[in-house]
Amino acid sequence: MYVLIIGAGKVGWNLARELLDKGNEVTLIEADRDRYLTVEQELEHNVQYGDATELWVLERAGISRADLVIAVTGDDEDNMLICQVAKEKYLVDRIIARANNPRNREHFELLGVKPTVSATDLILRLIEHEVPEYGLVHLLDLPEQRLEIIELLLPEDSRAAGKRVADLEMPEGSLLISVLREDSGFVPGPDTVLEPGDEILAVLDPNLEEDLTAYFAADRGADDQG
């Protein structure tokens, strides 16, 4: 596989090193001359100097035959532009862009640049997973399939605690797929009774997260109509 990586910062450099070790053909492009000279000492001919927002630089690196283009510069606008050019002009099948600011992810998606990787988002999800009081963990988004998978911690006074799965009235478009209890997971059946402290995994349609969270939330004295 021929991989073109734009940006020889720590991420780009390590990525190039790992992909080369796995037997791939890799070209790394870096616009900063001092950085380029540093990386060249290790990667030699696998790194090129130039501004990858210029077409001739991409063409010199062989973008027309690239199987994968990865843009990991520190500038989101450059990453968007490079991936869009790779996809639209050079018909590269697979692109991956780094979103330095997670708030820019929607702009990437509007331009058809995906998938994106955001270190901030990844760390936030780790925090959510490691800090139980967050209650809800977003495990997986499948935007093209229009599905999400989330993990919820059932609070002590949840209206769903003590109920059989068959009696739950979850929002339409959501499905309970697994229960984690006392460090052990299992697929619940209709007669499984939920207990406070259970961590439940659910698959759901987009935009149902708030409704599902409210359904399993602590009962604040409301009636039991869900």
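Reader: Which residues does Gly50 touch, not counting residues up to four places away in sequence?
Author: This is a predicted model, where local features need pLDDT of at least 70, side-chain atom pairs count only at pLDDT 80 or more, and totals for chains, interfaces and linings use all residues. Numbering starts from 1 along each chain as its sequence is written, and side-chain values use heavy atoms, with hydrogens and water left out. Contact means heavy atoms within 4.5 Å. On that basis, Gly50 touches Ile29, Glu30, Ala31, Val57 and Arg60.

Reader: Is Gly50 buried or exposed?
Author: Gly50 sits in the loop between strand S3 (47–49) and H3. Helices (H or I, at least four residues) and strands (E, at least two) are DSSP runs, numbered from the N terminus. Buried means under 20% relative accessible area, exposed over 50%, and partly exposed in between (1.4 Å probe, protein chains only). Gly50 has 9% relative accessibility, so the class is buried.

Reader: What separates the C-alpha atoms of Gly50 and Tyr36?
Author: Along the chain, Gly50 and Tyr36 are 14 residues apart.

Reader: What is the relative accessible area of Leu55?
Author: Leu55 lies in helix H3 (residues 55–60). Beyond four places in sequence, Leu55 is in contact with Val85, Lys89 and Tyr90. Leu55 is partly exposed, because its relative accessible area is 36%.

Reader: How are H1 and H2 oriented to each other?
Author: Two packed helices are described by the angle between their axes and the distance between the axes. Helix H1 (residues 10–21) and helix H2 (residues 33–43) pack with axes 12 Å apart, at about 15°. Axes are lines fitted to C-alpha atoms, for helices over the stretch in contact, and angles run from 0 to 180 degrees between N-to-C directions. Angles under 35 degrees count as roughly parallel, over 145 as roughly antiparallel, 65 to 115 as roughly perpendicular and the rest as oblique, so H1 and H2 are roughly parallel.

Reader: Which residues of H2 make the contact with H1?
Author: From H1 come Lys10, Trp13, Ala16, Arg17 and Leu20. From H2 come Arg35, Thr38, Val39, Glu42 and Leu43.

Reader: What is the average pLDDT of the protein?
Author: pLDDT is the predictor's confidence in each residue, from 0 to 100. Over residues 222–226 pLDDT stays under 50. In the protein, 85% of the residues score at least 70. The average is 85.

Reader: How much of the protein counts as buried?
Author: The protein has 7 helices and 11 strands. Of its 226 residues, the buried share is 40%.
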